[in-house]
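The sequence and structure come first.

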Amino acid sequence: MCWNTQLSCLVHRRRRGRRRRRRRRRQSQCKQMNTNMKTRTKRSFSSMDFSWCLSFPIIVHFLLLVSLVCPVLSSSSSSPPSTEVGNGNDPVANQTLRPQEELKKFNFIRNHLQKINKPAVKTIQSPDGDIIDCVVTHQQPAFDHPQLKGQKPLDPPERPEGYKHEVEERSEEFQVWSMSGEYCPEGTIPIRRTTQEDILRASSVSTFGRKLRSRVRRDTNSNGHEHAVGYVSGEEYYGAKASINVWAPRVTNQYEFSLSQMWVISGSFGNDLNTIEAGWQVSPELYGDSYPRFFTYWTSDAYQATGCYNLLCSGFVQTNNRIAIGAAISPTSSYHGGQFDISLLIWKDPKHGNWWLEFGSGILVGYWPAVLFTHLRNHGSMVQFGGEIVNSRQSGYHTSTQMGSGHFAGEGFGKASYFRNMQVVDWDNNLVPLSNLKVLADHPNCYDIQGGINRVWGNYFYYGGPGRNVRCP
């Protein structure tokens, strides 16, 4: 009995021991399973987050959601968001804007592009990468202007007396896009399409297509703008004409330009300054390349709020279906080689008072309506011809951006750039020679000018220079 009792107790203790060991093993297995489950879950969610961050499309309308899921894309700055555009074309990588500000800015850009890129009846791909849209003439941007709504382009005006057509080959084929052999049909005009990248290259969205304000009087305090010009003043001017030598000067950075143009000017040189401008320019910021391009400009308030380049705002009315304002010019002149120039005529229509632009041998490009202006509704008080560059001093010294050919005036024909056959239009719509041409270079050690007159070229001058050199530090 005692033995049996002791044996029973021993068996009972062994069974309890086995049950405790099995319970401990199960608890240990459960803990391990829980640990493995947590690890797998953590890895799964981490992988999902990482995959989501990599694959989630960076679309403007989802920027707010991206900032929550992938915080690395949102700004860590607590300062107010900037509206300035960075150096690159990637708005996410180069902006410190919050998602709401990004959305607002890109909506603005989209709406602006829809405003200036009118519906096209035909599209032409230029060999240089430009896209040319053929837009119905009365649907062009000019007629978005409040005082031009509902209007249609006017008929050609009477040309100035004394005007002679110059014999110019390729008069309608001086632009790269026309080398495709395609043109816009009658009743339309060619407009260079503006892209989002064009706008993002601007120093800010609000300044796209506009000149930064600068002093028009040629002195050393011109906010980085430097000039070599010939000019006349002291009378009433109703237009101007010149042949402008075309080159492809080197521009050293995106925020500088080099141009050669005519100015018809009126006003007090204050906030009421009126100008009409036309010529060629190299502007990497505006066009994204280094080609010389045919351009126009206007302002009625000293470059503050009115006016723009080409057709980038309402104003200039284009009438020609063969010339695209803002398109690249070809051919260009070469040092010690062939020389190429374009002839431009600006004059005030005696009947309607609008300022017309003609290219080459009688090709009307279009006109600036008189209603755009205040002082220029009457006449100009000064006419200028010549070159202009922007010197940003980005590296702490004078820019190496070239003016004209990049060579000084003294090198002469085939080396230096020139203006020739300069004339003005008088009160009676007559083209007359310049009576008192003055020349001025505000930084002559960087860019200079030398004038002259002969029977073949009439009034002319050579101008330009290399920018930074031993005498222009």
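## Aromatic pairs

Y183 is buried, with a relative accessible area of 17%; buried means under 20% relative accessible area, with a 1.4 Å probe and protein chains only. This is a predicted model, in which local features need pLDDT of at least 70, side-chain atom pairs count only at pLDDT 80 or more, and totals for chains, interfaces and linings use all residues. Residues are numbered from 1 along each chain as its sequence is written, and side-chain values use heavy atoms, without hydrogens or water.

The whole structure holds 21 aromatic pairs, counted for rings of Phe, Tyr and Trp (its six-membered ring) with centres within 6.5 Å; planes under 30 degrees apart are stacked, over 60 edge-to-face and the rest tilted. W177 and Y183 have ring centres 6.0 Å apart and planes at 75°, so this pair is edge-to-face. W177 is buried at 1%. R322 lies over the face of Y183, 3.9 Å from the ring centre; this requires CZ of Arg or NZ of Lys within 6 Å of the centre and within 35 degrees of the ring normal.

## Nonpolar cores

The largest nonpolar core has 81 residues, and those with the most contacts inside it include L357 and W368. Such a core is a set of buried Ala, Val, Leu, Ile, Met, Phe, Trp, Tyr and Cys residues joined through side-chain atoms within 4.5 Å. A second, separate core of 13 residues includes Y163 and L345.

## Around W298

W298 is buried, at 5% relative accessible area. Beyond its neighbours within four places in sequence, W298 contacts residues including W368 and F373, a contact being heavy atoms within 4.5 Å.

Terms used
Buried < 20%, exposed > 50% of the residue type's maximum accessible area, 1.4 Å probe, protein only.
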